[in-house]
Amino acid sequence: MKSYIAEKLATFKKTNKNRARLLINCADQPGIVAAVSQFLYEHNANIIESNQYSTDPHGGEFFIRIEFEMDHLKANVDKLEADFQQVKEAFNMEATFKYVDQVKKVAIFVSKEPHCLLELLWEWQSGDLMADISLVISNHETSREFVEPLGIPYYYIPANKDIRKQVEEKQIQLLKEYQIDVIVLARYMQILTPNFVETFKNKIINIHHSFLPAFIGAKPYERAYHRGVKLIGATSHYVTNDLDEGPIIEQDISRVDHRDNVEAMKKIGQSVERSVLARAIKWHLEDRIIVYGNKTIVF
């Protein structure tokens, strides 16, 4: 299986060695698309995909994601980015180039419940999650047996509120050592400190076991059951210092009725959690998300 995954990643990198993505947001104004398209044309780049959105054509914010191919891209990266500065300054843009063959390094945090971790491992093993899962960190030993046979390092770091600072120092050291690009909280049941969140701003993705903002806090399924809800769901969002209030990436729901007890609701909810988190991670890996305030634009 390890060789299969390695082969998939190698093929992906080779296929996309000349492909890049350009993410832009700025004040909406005439000429943005024309200027960017002309710039790419002048640099012999071929646009493969382009998506744009404006909050308001009259004084709103403009967003665009462009994927393009360019021969000998690696040899021309520095010139490409330097030349684009002129366009960037002309429109006062926030703009970022992303290079598709630079597969993102992922760290997964998990506690006792492994269902979201298992979903991501399956997507990765099947070649549908193009990432380098570099390590798994947990405050329990529960999931070691799922992780280590795949050749992924598993770090058991006991955690609680009394030793949070020391725990996060160890975690940050590991994340920097592995040069992690994105952190996935796959049902990691520990609150992160402001220092940790700020260190990895817009790089921590969480899955919440309810359709936010409903049933925030402990025992959501029990509360949902006693309230007699007919819909339960899951929310994936970027982590901020406002607990469970970060920019939402993806949400989904599933129907339940009076025949579903708390345990049945949990199983249905876990199924939704798995799919919602997997979609959110894929969109992040594919550079489809622009964070704007406390919202996301997902192309």
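**Entry 1: the records**

UniProt positions are given here in the numbering of this structure, and an annotation may be inferred rather than shown by experiment. I keep that in mind for each record below. The model I am reading is predicted.

I began with the domain record. UniProt, in an unreviewed entry, gives "domain: ACT" for residues 21–105. I then looked up the make-up of that span. Residues 21–105 are 34% helix and 40% strand.

Next came the "coiled-coil region". The unreviewed UniProt entry places this annotation on residues 63–90. In the model, residues 63–90 are 64% helix and 29% strand. The end C-alpha atoms of this stretch are 16 Å apart.

**Entry 2: Asp244**

Which residue does UniProt list for "active site"? The unreviewed entry lists Asp244. I went to find Asp244 in the chain. Asp244 sits in a loop, with strand E10 (231–238) on one side and strand E11 (248–255) on the other.

Is Asp244 buried or exposed? The relative accessible area of Asp244 is 15%. Buried means under 20%, so Asp244 counts as buried.

I also checked the side chain for a partner. The side chain of Asp244 makes a polar contact with the side chain of His208, at 3.1 Å.

**Entry 3: the second largest pocket**

Asp244 came up again when I turned to the pockets. The second largest pocket has 23 lining residues, and Asp244 is one of those that lie nearest its centre, along with Tyr188, Gln190, Ile191 and Leu243. The space in the second largest pocket is about 500 Å³.

Which strand gives the largest share of this lining? Strand E9 (residues 204–208) does, with three residues. I sorted the lining by class as well. The second largest pocket has 10 nonpolar, nine polar and four charged lining residues.

**Entry 4: the largest pocket**

I noted a volume of about 700 Å³ for the largest pocket. Its lining has 23 residues, and Leu23, Thr96, Lys98, Asp287 and Ile289 lie nearest the centre.

Where does the lining come from? Strand E1 (19–27), strand E4 (94–99) and strand E12 (289–292) each supply at least two residues. The largest share, six residues, comes from E4. By class, I wrote down 10 nonpolar, five polar and eight charged residues for the largest pocket.

Why does the largest pocket lie between domain 1 and domain 2? Domain 1 (18–99) and domain 2 (105–298) both give residues to its lining, so the pocket lies between them.

**Entry 5: the cavities**

Rolling a probe the size of a water molecule over the atoms shows where empty space is left. How many cavities of 30 Å³ or more turn up in the whole structure? The search finds two.

The largest cavity has a volume of about 50 Å³. Its lining is made of Ala159, Arg164, Val167, Glu168, Gln171, Tyr188, Gln190, Ile191 and Leu192. By class, five of the lining residues are nonpolar, two are polar and two are charged.

Val106, Ile108, Leu120, Leu129, Ala131, Ile133, Val184, Ile281 and Leu285 line it. How many of these residues are nonpolar, polar and charged? Nine are nonpolar, with no polar and no charged residues. I also traced the elements involved. Strand E5 (105–110) and helix H9 (262–285) each supply at least two residues of this lining.

**Entry 6: two buried side chains**

Ser138 is in strand E6 (residues 132–138). Its relative accessible area is 1%, so Ser138 is buried. What does the side chain of Ser138 reach? It reaches the backbone oxygen of Val110, at 2.7 Å.

His43 lies in the loop that runs between helix H2 (32–42) and strand E2 (45–54). At 15% relative accessibility, His43 counts as buried too. The side chain of His43 reaches a backbone oxygen, that of Phe39, at 2.9 Å.

Definitions and conventions. Residues are numbered from 1 along each chain as its sequence is written. This is a predicted model: local features need pLDDT of at least 70, side-chain atom pairs count only at pLDDT 80 or more; totals for chains, interfaces and linings use all residues. Side-chain values use heavy atoms; hydrogens and water are left out. On a 1 Å grid over the protein atoms alone, a cavity is a set of points where a 1.4 Å probe fits but cannot get out, and a pocket is an open set with protein on both sides within 12 Å along at least five of seven lines; lining residues have an atom within 4 Å of a point. Grid points are joined across faces, edges and corners, and a volume is the space filled by probe spheres set on the points. Ala, Val, Leu, Ile, Met, Phe, Trp, Tyr, Cys and Pro count as nonpolar, Asp, Glu, Lys and Arg as charged, and the others, Gly among them, as polar. Helices (H or I, at least four residues) and strands (E, at least two) are DSSP runs, numbered from the N terminus. Buried means under 20% relative accessible area, exposed over 50%, partly exposed in between (1.4 Å probe, protein chains only). A polar contact is a pair of N or O atoms within 3.5 Å; within protein, one must be able to donate a hydrogen and the other to accept it, and residues adjacent in sequence count only if both atoms are side-chain atoms. Domain bounds come from an automatic or database domain assignment.
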